[in-house]
Structures are given as structure tokens and as C-alpha cells.
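This report describes selected local features of one protein model. Please consult the sequence and coordinates shown below while reading.

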Amino acid sequence: MEKPSERQNFFKKLWHWWNRDRRILTLKAGLAALLPVLCCMAACAAQGGSLSQVYLPASEWNDELFYYKQVEGILSHGYPQGYFGFNESHALKLSFAAWSPVLVWPWLLYGLVAGWNLMAPIYSNILFLTLALLAFVLLTNPGWKQLGLLALLFCCFMPYTRYMLCGMPEIICFSVLIVYWGLLIRTVEKETAGKVALLFLLGGTMTLMRPYLILFLLGPSWLWIRRHRAAGLAGSLAVTAAAAGGYMLIKHDLGAAYFTPLFKTEWLSPFLQGHIFTGLRGMLAKIYYEGRTFLALTLQGLKSGLAEGAFFAIFLAMLLILLWQFVADLRRKKKKQALLNGYLAFCFFSMWMALLLMYKMKEGSKHLLTFMAVGILAIALMETRFYKKAVIIGALCIYLFWYQGDQPGDYRIYFANQERIEQLAYWQQVFAEEMVLQEENPPNFDNSVIWTFNDVPAGSGDGEAVLTDWQILYALPKGWGISCCYREYVEEHLEQLQSLYLTIPAGGELQRSCEALGMEQVGQDGRVCVYRTR
């Protein structure tokens, strides 16, 4: 009788390993992995377009331009050859804008493999969230009802879909944290040194991306301290200090100064001067007054669908549910579930306090989304009798995002239109003929373009300001830097601008001033014009 070949034995062992339980888990993970692309296709169809028609230059979110062109510059030249900044600020080293370049490292990996074009951020975002959900289900092995709730809440939570279909890096943060949370659940169930080390790696990476994500270094730190006591404490402090120090170095050396400080830190001054009680009074007063603003916006969100208010309302609801479940788990002596829900509630609360103390309300509201993205999955996994907590969050998301949410800037998906396509084609030709990267001593201002925020029509005095069509800068050749400048800065420094090119609205006071100074015009369409400053 012929003996089975090694290949046959291998497949036999593989089939034996891939038993019924593992096959069911694979099916669950595969179903979860379909959610991102299905949601994106459905959302595009609901707004009258298709996934392939999503078009970054049609968007009104200008941060997307900065992220896109910085990634393009890194992939083409190692780093942008011109400065990214604000009012011609620039980093001490290299040429990045105000945010940590570590934030976009998954995009760089995607760009190296698949190339970088206007659809790359969208396709890569969908891919990252797909892989994150796949990993999360494989790590947590939810029941079928839990998987159904996960799918329902995923579809209801609009920011998942909206941020996949744009050029913002929020999905990168969502995805890394989702994998982290799934791994933490698995580690609490069965702890190993390798899993704890991987949690530290993910937590440290997230800290380098956005500083408030340092909260997720506390999870592996607790596990390490519980097992190794003093040695674990020393190691945890060392890792946390290294991650925090790494972010501070990145921000100091690789971050350009923003128009205003990114963080409000004036409340820290009394503490630094040794006035502890004065500092505590000031901190509590700030929390009180900012908290009133927070609650007012939350109520406005519930009444009118105001985007930041909607985010605040769902964030608070999730925090209360996590606290509620934490107490319930303690009463039922479910220590592992209590640990996880209590830890996530602590992270939610800490981020809330950070928002009140350090962030502007509108900009800060978007930073809450990363916590909410993992909160959705945590609530879906809660073992409750009637799943009322998941139903509450799902209903709130449907009401605020899909019923009340009608603000185009926050909920609209931007599709290609012929006018914008023709405008980009014109400027691509203009820029290709005019702009040549200066390769000597990069980065430099000879490789930089100013985008002036707005201008007033010529002869109108204090007329209504017209925004610049900054979308034309997607047509810049690879490697060029962009400095976003207020009109007042450009007016004051028009004869001393450092950047070689100036982008302004057509027919405005600044164009009149450029003509009076004899600046060379590079190109002009019906709404925007570009001048060579020297």
C-alpha cells in the first residue's frame, strides 16, 4: 500500500488543527472583515455616488491635503523637500507640519507596496480597518449574538465609514487601538510574556502617534507589575518614559509651530511655580467652566445634530455604560470583565478631562472618536441579558448621525466632479512647466508654496472674505511643501515672504498688491491664482 506523501500529511495535520471551532471562528472573522467595504459602498450609494468616485480634491477638509502631500513627499524623496508649516513656520529638522509623522506610517507601508495616488488613502483606510476587525474577532472569538451586535453597531457608528472615505489618519488610530484592545482581552484571558510585550509595542507606537494614547500603556504596565512587582514597575516606568520622551522629541524637532498652541497649558503654571493649592483651584475652575460648555454643546447636539455635540453625547453615553457594566461585573464577581470595562472607563474619563483642560472643543471632539471606535466593540461584547446597552448606543448613533446629522462638512462624502477635475488638470500642467525642485540643501523655502487662507475682493474694503481654492495644490509636483498662512500675515510680509510661490484668491486685494509689486504670475483660473514671490 502506498504511503501518504509529506504533502498529504501536512494537509491532513492542517485540517486536523483547523477543527470545527476554528472553522467557525474563521467564518466569524471573515464576516466581520466584510463590514468596512460593505458600509463604504452603501454610504456612497446613499449619497448618489460610488466608492471609485470618492475624490480628495473635492473635499472641504484641508488637513487631508497636508497629510496626502507629506506622505507623497516621504515616498518620493525620503521627506518633503519644501517646508510644511503655518505662517511660514517650519520644523527644526526636516519638513513636517505640526503633527507627528509617526501617525502616517501605515500609509507609508501601503504606498511602498501599492503606490500613492488620490485613491490610496481611501483604499488603505478600508484595508486597515478590515484587518483590524479580522484580528479583533480572531482574538476575542465573540458569540454569534455578540457578532451580530458588533455588525449592527459598526454600521450605526457613522465615523467608521466617513473616515474611511477621506484622507484623514483617524482610521489608522482606530485600527491600531482595535487590535490592541482585542489583544488585551486575549491577554487577560491567558497571559504570556510575548502578548504583554506586543501590548507595550502597540501602546508605545500609539503614544508616538498621538500623546493622549499613552493611556493605553497602563494596561500592559498593570499586567507586568502584577506579575513581577518591583521589576515590572521599573520596566513599565521605563517604557512609558521612553514613549513620552519620544513623542516630545518628535514634537520638538519634527513639528512646525501651529497658528496657536495645540494644547492649553496655562493651568499648569501654578503647579510649576510650586503653588499647589492655587493650581488645584484653577484646574477645578477650568474643568467646571469648560464642562458647562461641553454640556451645552452636548444638549445642542441632541437637539439639532451639531457634530461635536453628537460626538460628546455618544461619548458620555459610552462612558456611563462602561461604568455601569464595571459595577455590575464587580457585583457578579466577574473580575476579568470588570478589569477590562473599568480600565476602558478610566481611559474615557481621563480623555474627557484632557479635553476640558487642554483642547479646543471643536477640534478636540474629533480626538474622542478613537476612544469611541473601540468603545463600540467593547459594548458589543458585553454579556448582558437583553443587550440593552448595545441597543441604547445603536439607537443614539442612528438618531444623531443618520437622522439629525445633516451638516455637509462633517457627514458628506465628496465625489469627483468635472469642474474640479478640469481645474486640477490645468494646474498640473502649469506646475509641471513652472516648478522645478531645488535639490541643493533641502528642505528649503524654494521648494515651498504658500496657501493663503482667504482674501477680500479688490476695492470692497472690509468685504466678505473669499476662501482660497487650496484644492489646486493636490496638483503640486511630488516633494513640494505647503505653508498655510493667514491673509494678515501675507499682507504684512508680502515683500519679505520666504516661500517661492504664493497661492491666493483671484480678484482680491492681495492680487492687486502682487501686481503692484511686479510679481510674476504663474497661472490663474476663475477662482485662484499663483504668483512667484521673487
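## Basis and conventions

Helices (H or I, at least four residues) and strands (E, at least two) are DSSP runs, numbered from the N terminus. The model is predicted: local features need pLDDT of at least 70, side-chain atom pairs count only at pLDDT 80 or more, and totals for chains, interfaces and linings use all residues. Residues are numbered from 1 along each chain as its sequence is written, and side-chain values use heavy atoms, with hydrogens and water left out.

## Ser-124 in helix 6

Ser-124 lies in helix 6 (residues 120–140). With a relative accessible area of 0%, Ser-124 is buried (buried means under 20% relative accessible area, exposed over 50%, partly exposed in between, for a 1.4 Å probe and protein chains only). The side chain of Ser-124 reaches the backbone oxygen of Pro-121 at 3.0 Å. Leaving aside residues up to four places away in sequence, Ser-124 touches Trp-107 and Tyr-110, where contact means heavy atoms within 4.5 Å.

## Helix 3 against helix 7

The axes of helix 3 (residues 35–46) and helix 7 (residues 144–156) come within 10 Å and cross at roughly 40°. These axes are lines fitted to C-alpha atoms, for helices over the stretch in contact, and angles run from 0 to 180 degrees between N-to-C directions. Helix 3 contributes Leu-35, Pro-36 and Cys-39 to the contact, and helix 7 contributes Leu-150, Ala-151, Phe-154 and Cys-155. By class, the contact of helix 3 with helix 7 has 7 nonpolar, no polar and no charged residues; Ala, Val, Leu, Ile, Met, Phe, Trp, Tyr, Cys and Pro count as nonpolar, Asp, Glu, Lys and Arg as charged, and the others, Gly among them, as polar.

## Val-449 in strand 2

Val-449 belongs to strand 2 (residues 448–452) and is buried, at 0% relative accessible area. Val-449 and Gly-481 are 32 residues apart in sequence, yet their C-alpha atoms are 6.2 Å apart in space. Not counting residues up to four places away in sequence, the contacts of Val-449 include Met-435, Leu-473, Trp-480 and Tyr-501.

## Backbone geometry in loops

Most residues other than glycine have a negative phi, and most peptide bonds are trans. Pro-442 and Pro-443 are joined by a cis peptide bond, with omega about -5°. Pro-443 is placed in the loop between helix 19 (418–434) and strand 2. Asn-441 also lies in the loop between helix 19 and strand 2; its phi is positive, near 55°, and at 62% relative accessibility Asn-441 counts as exposed.

Leu-94, in the loop between strand 1 (85–86) and helix 5 (105–114), has a positive phi of about 60°. Leu-94 counts as partly exposed, at 33% relative accessibility.

Terms used. A polar contact is a pair of N or O atoms within 3.5 Å; within protein, one must be able to donate a hydrogen and the other to accept it, and residues adjacent in sequence count only if both atoms are side-chain atoms.
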